Amino acid sequence: MNKETYYVTTPIYFPNDKMHIGHSYTTVAADTISRYKKMRGYDVKFLTGLDEHGQKIEQTAAGASITPQEHVDKIAEFTKSLWKLLDIEYDIFMRTTYDFHVEAVKKIFKKIYDKGDIYKSSYEGLYCTPCETFFTERQLKDGKCPDCGRAIEAVKEEAYFFKLSKYQDAIMKHIEDNPEFILPVSRRNEMVNNFIKPGLEDLCVSRTSLKWGVPVEFDPGHVVYVWIDALSNYITALGYLSEDDSEYRKYWPAQVHLMAKEIVRFHSIIWPCLLMSLEIPLPKQIFGHGWLLMDGGKMSKSKGNVIDPEILVNRYGVDAIRYYLMREGVFGQDIPFDNEALIIRSNSDLANDLGNLLSRTVGMIDKYFGGKLPEEQKGNEFDVQIKELVRTTLKNTEEFMDKLAFNDALAAIWIFIRRNNKYIDETMPWVLAKDEAKKPELAGIMYTLAESLRVISILIAPFMPNTPKAIYEQLNITDDSIKTWESIYEFGKLPKTVQIQKGEIVFPRIDLEKEVVELEAILEAKSGAKPKEEPKTSPAKDIITIDDFAKLDLRVGLVLECEKLEGSDKLLKLQIKVGERVHQIVSGIAKYYTCEDIIGKKVIVIANLKPVKLRGTLSEGMILAASDDKNIEVLFASDKLAEGTVVS
């Protein structure tokens, strides 16, 4: 049993009683990795909570004629109820208004000041109140906040500054020496190229224009900048600079800080530099995931496309929502969130695959054996494949989970689930049931399926904490020793005389057409948003036969080289390796993709298209892309597919 520590954090969220499914994304991911590590025997601390100071809190409370503390107390209870709804099992719910945190932040500020890394000056510049963030002119986007898009204000006040510039070389070296410190790689490149290499400027770390915050103890007119206050929670929550710092010494440094991409800069540059000044270790990893997108943009209340977690959980169950969040896209990239896609995924993966496997297995044990398997059982030719796939699935799942590749881990598990459904079709229990002499073989098949479901229930437990309980109940698994991660290293732990207890279908199929209409009506009534217009699509072309389609040679190709076609602002000239041959293809995607975007990616190529000349340049095929009036999206293939793979 592994006794290593594992400290995982989400950002402490800004108090908000309109938290949407996007806020839940980070916390569900953190809960998933926390549960997994606990199952693997790690001593885990999982922190989440609220960042409760700052000008926006002060203004919001004043507008509601209540104190800031009353405001954040109310939001804290709401947030805890939301995490309970989503089955978030945190170990620490941190609030920056806790007295012990306030006292520790005062000491942290003084410690850095005494070292000479904080000095007094005056600040004149640009500030975004909603984001509680200072910006330089070059960081703005169209003159507005680059993070939230709102108007910024010019401020001038006496302030203390942290010598961020002093640590520029040190943070650069740390990033170079530790390539997994900032992930995904795209975030690391953004931090290095957009912030560090252009030069770090000293950071304003106090305000005099507000009162709701941690006071600078040696200069009472100043309040500690909210981000210094908030970031410090990761160590103050463990007792740093308190009378009992045993948990800090045990769990720090954190294995991973999880967050959405817009706050990676604070965590990967400012936070490490503060820690360097304090002369304490840096976290092992900063992981900035993408946004949940609807209609091509980040979800927000102002856009009227908030998805309320409570509505979704009440309609589909918490496990279906958690599964969708962790399965639908690559953790690290932006992923779409769409009600229809959620229902399709639930019907396909949960109802058709997992739910069907459980109901078929339990139903057949009940029908053919009266609910209890006999001792006499016989194997079959397919059992070896199932057992081998268990080992492969376990290995792949562990490797993917350690990389926070949640969707890949679930994909590996679902390969095993679908293989078991195929196993039923291969062994045809309904045929064996007609022959009494075949009962031992039939019992063996039922046992293999029941044991596979035990394995599946453990593999999915970090993602879907309730579904395993339903499986255990229907298979009458009461022995906790065969519900552990270690127990699935050996296939066959389930008692041979399985006695089932038929229960309800765990994931009933959803009528897609009816559900989309009902859900849109509920969301419209709750948010006051107008119904979404259906996107305009091109009319369908003439019907073709399978023989017509078979004429197309669609293959996976690897983009080796790319350059803009001279004399055109729309065309790129690509060199694409398809099997043993390199095709030169001219594609009209230059307004939507740079060469950097596409080199090294795998695309789908029509490899047998008649060569033509475009602007005098030979083009030997076409890459597949989808387009509407505004955008073109290239259809990229998985890196797992070798170039030359046939697409059918």
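A salt bridge here is a side-chain nitrogen of Lys or Arg within 4 Å of a carboxyl oxygen of Asp or Glu. E436 is exposed, at 58% relative accessibility. For that word, buried means under 20% relative accessible area, exposed means over 50%, and partly exposed is in between, with a 1.4 Å probe and protein chains only.

Two notes on the source. This is a predicted model, in which local features need pLDDT of at least 70 and side-chain atom pairs count only at pLDDT 80 or more, while totals for chains, interfaces and linings use all residues. Residues are numbered from 1 along each chain as its sequence is written, and side-chain values use heavy atoms, with hydrogens and water left out.

Back to the charges. How many salt bridges does a search of the whole structure find? The search finds 39. One of them is between D219 and K120, at 2.9 Å from N to O. This pair links distant parts of the chain: D219 is in the loop between β9 (206-207) and β10 (223-224), K120 is in strand β4 (residues 118-128), and the two are 99 residues apart. Helices (H or I, at least four residues) and strands (E, at least two) are DSSP runs, numbered from the N terminus. Is D219 buried or exposed? D219 counts as buried, because its relative accessibility is 15%. K120, at 41%, counts as partly exposed.

Next, E518 forms a salt bridge with R315, and here the closest N and O atoms are 2.9 Å apart.

Now a helix. Which residues of helix α18 (residues 467-474) are buried? They are T467, P468, I471, Y472 and Q474. An α-helix has 3.6 residues a turn, so residues three or four places apart point the same way. The cover over the buried residues of α18 includes α12 (318-327), α13 (339-369) and α17 (439-460); contact means heavy atoms within 4.5 Å. After α18 comes N476, which has a positive phi, near 60°.

Last, the rings. The structure holds 24 aromatic pairs. Rings of Phe, Tyr and Trp (its six-membered ring) pair if their centres lie within 6.5 Å; planes under 30 degrees apart count as stacked, over 60 as edge-to-face, and the rest as tilted. Y25 and F331 are edge-to-face, with 5.7 Å centre to centre and 75° between the planes. Y25 is in helix α1 (residues 21-39) and F331 in the loop between α12 and β15 (335-336), 306 residues apart. Both are buried. Y323 and W414 make a tilted pair, at 4.8 Å and 40°, and both of these are buried too. Y25 and F331 also belong to one aromatic cluster with F287, F406 and F463.

A charge can sit over a ring, if NZ of Lys or CZ of Arg is within 6 Å of the ring centre and within 35 degrees of the ring normal. K37 lies over the face of Y42, 4.6 Å from the ring centre. The charged end of K261 sits over the ring of W291, at 4.4 Å from its centre.
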